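Student: I would like to learn how to read side-chain features in a model, taking them one at a time. Could we work through an example together?

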Amino acid sequence: MSSEEIKDEGFELWDLRVEVVSPEGTKIWCGASIGDYFELRGEMLHLPPGQGISIYSLASVLPLLAAKQRPTSENDWMTTDAEIACPDPNCPSRLKITRTKLRKFKHSDTTAVPLGDNDGQN
């Protein structure tokens with residue numbers, strides 16, 4: 001890693017909004033309502049006051065959020081695909097992931113491991 005890369009320790013992540021979508025008039029089995037949402041800002045998950053989310057629905061989308069936060073090629077499926085099916089096969093709802101704002105972070109504000117100290121890992 002060059003000294004110039006180490007000096008600029010910034011990186012960018014997308015803030016995300018994850019919203020419940022479903023065809024009108026369908027019964028949702030996970031306890032959500034159409035339009036319920038949460039936001040991911042950096043590593044922090046934010047829910048509107050008084051609103052919850054099923055742990056099963058959260059579990060279905062959670063593994064994708066860190067990848068969805070990172071800038072990706074316009075040809076990458078992570079860029080184009082945005083809806084995750086409810087884990088209940090009888091529920092028609094989906095969780096729609098929308099990138100909302102590109103936010104800049106600083107390496108030293110997010111980890112105790114110094115830049116350039118990767119023990120040979122890339």
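Student: Is Phe-11 buried, partly exposed or exposed?

Tutor: The model is predicted, so local features need pLDDT of at least 70 and side-chain atom pairs count only at pLDDT 80 or more, while totals for chains, interfaces and linings use all residues. Residues are numbered from 1 along each chain as its sequence is written, and side-chain values use heavy atoms, with hydrogens and water left out. Buried means under 20% relative accessible area, exposed over 50%, and partly exposed in between, with a 1.4 Å probe and protein chains only. Phe-11, with a relative accessible area of 28%, is partly exposed.

Student: How many aromatic pairs are there?

Tutor: A pair of aromatic rings is described by the distance of the centres and the angle of the planes. Rings of Phe, Tyr and Trp (its six-membered ring) pair if their centres lie within 6.5 Å, and planes under 30 degrees apart count as stacked, over 60 as edge-to-face and the rest as tilted. The count here is one aromatic pair: Phe-11 and Phe-105 are stacked, 5.7 Å centre to centre with 25° between the planes.

Student: What should I know about disulfides, and how many does a search of the whole structure find?

Tutor: A disulfide is a covalent bond between the sulfur atoms of two cysteines, and the criterion is a pair of cysteine sulfur atoms within 2.5 Å. The search finds zero disulfides. Cys-30 is in none, the nearest cysteine sulfur being that of Cys-91 at 4.4 Å; Cys-91 is likewise in no disulfide, with the sulfur of Cys-86 nearest at 3.8 Å. Cys-91 is buried, with a relative accessible area of 8%.
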